[in-house]
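Please read the following report alongside the sequence and the coordinates. It takes up a few local features in turn.

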Amino acid sequence: MKKVYVGMSADIVHTGHLNIIKEARKYGEVIVGVLTDKAIASYKRLPFLSLEERKTIIENIKGVSEVVLQETLDYVPNLKKIKPDYVVHGDDWRTGPQWETRERVLQALKEWGGELIEPGYTQGISSTMLNAQVREVGTTPGIRIRVLRRLLAAKGLIRIMEAHNGLTGLIVEKTQIKKNGGIKEFDGMWLSSLTDSVSKGKPDIGFVDLTSRMNTLNNILEVTTKPVIFDGDSGGLADHFKFMVRTLEREGISAVIIEDKVGAKRNSLFGTEVKQTQDTIENFCEKIRAGKDALVTDDFMIIARIESLILKAGMDDAIKRAEAYIKAGADAIMIHSKEKKADEIFEFCRRYKKIVNNVPLVVVPSTYSHITEEELEKEGVRIVIYANQLLRSSYPVMKKVAESILEHRRAWECDEMCISIKEILTLIPGSK
Ligand code: SPV
Ligand code: MG
């Protein structure tokens, strides 16, 4: 019996997939390589279904003899192992971003005289279309909450962007660019205390309470499907933090970040310009433990944020705290800095790497914004949060528009700074 290899993500299975398998079956026994989350995340968004679910579905499709994992977008490692007589793939990959993958398949098959079979693409149905439709429907808390952990397992660096209302949530959800044959987008959202407060015209001093923060969150959750990391400030008293954790977990939020400060809250970027007091290690560990004890699932993450560099308590203190917080059960560590240079952050990263049993590291490069994602990833950072850029970019334009109307006593001059009326009317799906 000849061997036929088919590679698939098999997320939302449709007749196009079945046609490929049916066609492949004509040439011999069909081995399907199911792309792992890692392989898929290397060029696009994580699939809806877990690898186990996708594997089970394919195993039960008529005509499939065997299912193996395909760990990379590149077929070659599997092809070299299996040496199939045929590879079957829809002809749609002859052009577009998969062109190079196809070339490599052809090269590999040449080595043992294998052949590439390309049945005509099934018209009228595509995973891209179905994906878009499913995302329109939305998600559930149970599905959303897990995505951050899945991303951590599947990707090197996770890219999170601030959202402070439904509209900015939509921007984080939908903004994409095509680059190097793949699609680049944000992996999830940050519900910043700074931007949530400022967009309400309030200072970032903990005055906007949890009920109000949940209101913002709900507006975002309603129109998005990506995971959310919630900025919990200090988390309050340990007894109160338990309730915060329960509330967030119930809504399908993936993680909360709490900072090791006590007393009147001031934004970290003021550094030592304002009075800010760091919590004791003991107290903060107690709070982490209280939060962990309150959890219902294993999905929700409690991320401990270290303020030692902000408060000039020194690198040794920061590392000591990281070790203690990890021992107390923190699922990740965020290290914050307000320096323009990344030296202290990188020094922390290098020392952090040496901690045994360390957990994923999170950074917020607001002041050292010249540092690239590649550089952060090289230093071992797993999550980068762009904490305030959508709010900070909208404010200057709004102010300019207001000044222009005052100056010219009409809106004509500022029209070009504005989205067109037609566009704003139809920006949101369901407007008509
Ligand atoms: C926020 O975005 O609210 C943060 C990050 O906590 S920072 O403003 O840098 O403190
Ligand atoms: Mg904050």
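## Hairpin

Strand 7 and strand 8 form a hairpin with 2 residues between them, and in the turn Asn180 has a positive phi of about 45°. Strand 7 (residues 176-179) runs antiparallel to strand 8 (residues 182-185), the two being joined by 4 bridges, where strands are DSSP runs (E, at least two residues) and helices likewise (H or I, at least four), numbered from the N terminus, and where two strands pair if DSSP finds at least two bridges between them. Lys178 has Ile183 in strand 8 as its bridge partner.

## Basis of the model

This is a predicted model, in which local features need pLDDT of at least 70 and side-chain atom pairs count only at pLDDT 80 or more, while totals for chains, interfaces and linings use all residues. Residues are numbered from 1 along each chain as its sequence is written, chains are lettered from A and ligands numbered from 1 in the order in which they are written, and side-chain values use heavy atoms, with hydrogens and water left out.

## Glu173

Glu173, found in helix 8 (residues 166-174), counts as buried at 7% relative accessibility (buried means under 20% relative accessible area, exposed over 50%, partly exposed in between, with a 1.4 Å probe and protein chains only). Leaving aside residues up to four places away in sequence, Glu173 touches Arg45, Arg135, Glu185, Thr224, Thr225 and Lys226, contact meaning heavy atoms within 4.5 Å.

## Magnesium site

The magnesium ion (ligand 2) has Ser193 (OG) and Asp231 (OD) as its protein donors, 2.1 to 2.2 Å from it. Ser193 lies in helix 9 (residues 193-198) and Asp231 in strand 10 (residues 228-231), so the pair ties together parts that are 38 residues apart in sequence. Donors are N, O and S atoms within 2.8 Å of the metal (3.2 Å for Na, K and Ca), and water is not among the atoms, so sites may look incomplete.
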